[in-house]
Amino acid sequence: MLKVGLFGLGTVGQGLLEISRNSKLPFEIVAIVDRSYKKKSKITGNIAASDNPSLILDDNDIDLVVELMGGIDLPLFIIREALDKKKNVITANKFLLAEHGFALFTKAQDNGVKIGFEAAVAGAIPVIRNLENIFWYEDISLLEGILNGTTNYILTKMRTEKKEYEYALKDAQKLGFAEADPTLDVSGMDAAHKLALLASHITKSWIEYKSIYVRGIENIRLNDILWTEKAGYRIRLISRCQRIDGKVYLSVEPSIILPGHYLWDVENENNAIVFQGMYSGIHMFVGKGAGSLPTAYSVLSDIMHITQGNHNPYLMHNFVWRYNHPGSVEDKESAFYMRLLVMDEPGVLADIAKVLSEHSISIASVHQDAPIQISDHPVDLILITHKCLRKSLQTSITALEKLNSVKSVPVFLPIDEN
Ligand code: HSE
């Protein structure tokens, strides 16, 4: 029977313990390391527990280490040590892998062991295994995903319950979907960590998450959601990997999608990934992107995979990592939604139209819901542009924000026509 050492008895760790106790599995959790192991003695029961990593790292009978602690420094030390001791490692820590994966995967390869990380990308969805096995030889030109449950939950609740952003965020935190620091979720960084790992598979090269164009949902307000809903569209935080003429373009940003888009019906904390293979066509995976048992199940499936002696292609293909430098999404075209905060006075629209025309941006529609009486307060002005270069849009925003009548341009969203 395979002996497993578990680091971290938080939400996912407890889920794994629960599943391992309820099912007849060919492995056994024999040791647990957790900062608060004393307080959790009822949960650990008769399994050896400590706050000292050597309980697991120095036990030669432990074949496989599961790291579910979160954070960077301590888990990095633990994973390095475990790999050096030729123990297989499974982790759900996407931040750590996105930051240090290049070195860790190389170390695993050098030591003839494996790193399983199915749980690190989109929780319960088995996308990594599928990309590694079934789709390894596929030429994937486009991948789009909803890779963060917290933000998808917030955007869904804002739309369906007409809640402002901060209330919907509090609900997501209460339900335990958010990272310890929700900034990683709402800023789009958590999704960027996951996209970097997916894009590395697709391109068979190492993608630095810092090279991804990332914008979060912090500035989206109920008004953006209501207008989009009225116009028959939806806003989703879309992670995108597109390959054009040998270059890869990567972004995570709130985007407008149209009815019929594959990600249209993916609601609440669910995650989804849709990709286009040159030979096999379109594939879509949907499922729970967060939560104790769903994420723990992915860890379990990695344990089973490694136990059954299946190989990770990083070893199978004797993969040599090389860095990939993505193209700039600013060179790409899209139609855009923009919300401007403007003074409600004569000539404002003319000033804005002039700036946009100077940047060769054509306006498709304009919308303003202001009271008939001129207000002293800034009001929201919503503009839809025809297709234009993102670069031009961004320079036009800088120019617009210099106008006396424009207070700010808090939101711009590409309209995704895929
Ligand atoms: N905070 C993450 C999310 C959890 O909301 O999707 C899983 O990575």
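I take two strands to pair if DSSP finds at least two bridges between them. The model I am reading is predicted.

**Entry 1: strand β12**

I started with β12 and its partners. β12 and strand β13 (residues 281-288) pair in the antiparallel sense, and I find eight bridges between them. Within this pairing, Ile273 stands opposite Phe285 in β13. I also looked at the link between the two strands: β12 and β13 form a hairpin, with three residues between them.

Another partner of β12 is strand β7 (residues 140-146), joined to β12 by six bridges and running antiparallel to it. Here I noted Ile146, which stands opposite Ala272 in β12.

How many residues of strand β12 (residues 270-277) are buried? I find six of the eight, so β12 is largely enclosed by the rest of the structure.

**Entry 2: helix α14**

Next I looked up the buried residues of helix α14 (residues 348-358), and they are Val348, Ile352, Val355 and Leu356. They cover an arc of only 95° around the axis, so they sit on the same side of α14. On the other side of α14 I find Ala350, Lys354 and Glu358, which are exposed.

What covers the buried residues of α14? I list β15, β16 (363-368), β17, α15 (390-400) and β19 (406-416) among the elements that do. After α14 comes Ser360, and I note that its phi is positive, near 60°.

**Entry 3: salt bridges**

I then turned to charged side chains, and the count comes to 26 salt bridges.

Asp84 has a relative accessible area of 42%, so I record Asp84 as partly exposed. Lys107 is also partly exposed, with a relative accessible area of 24%.

The next note is on Lys174 and Asp171, whose side chains meet in a salt bridge at 3.9 Å, N to O. Both residues lie in helix α8 (residues 165-174), three residues apart, which is about one turn of the helix. Is Lys174 buried or exposed? Lys174 is exposed, because its relative accessible area is 69%. Asp171 counts as buried, at 16% relative accessibility.

Arg339 counts as buried because its relative accessibility is 4%. Asp380 is buried as well, with a relative accessible area of 19%.

Which residues do salt bridges with shared partners join into one network? I list Arg159, Glu229, Arg234, Arg236, Asp265 and Glu267.

**Entry 4: cysteines**

Last, I looked for disulfides, and the structure holds zero. A disulfide would be a covalent bond between the sulfur atoms of two cysteines. I checked the accessibility of two cysteines. Cys241 has a relative accessibility of 1%, so Cys241 counts as buried. Cys388 also counts as buried, at 3% relative accessibility.

Methods: Residues numbered from 1 in each chain as written. Predicted model: local features only at pLDDT ≥ 70, side-chain atom pairs only at ≥ 80, totals over all residues. Heavy atoms only, no water. Salt bridge = Lys/Arg side-chain N within 4 Å of Asp/Glu carboxyl O. Buried < 20%, exposed > 50% of the residue type's maximum accessible area, 1.4 Å probe, protein only. Helix = DSSP H or I, 4+ residues; strand = E, 2+ residues; numbered from the N terminus. Disulfide = S-S within 2.5 Å. Arc of directions from axis to C-beta. Contact = heavy atoms within 4.5 Å.
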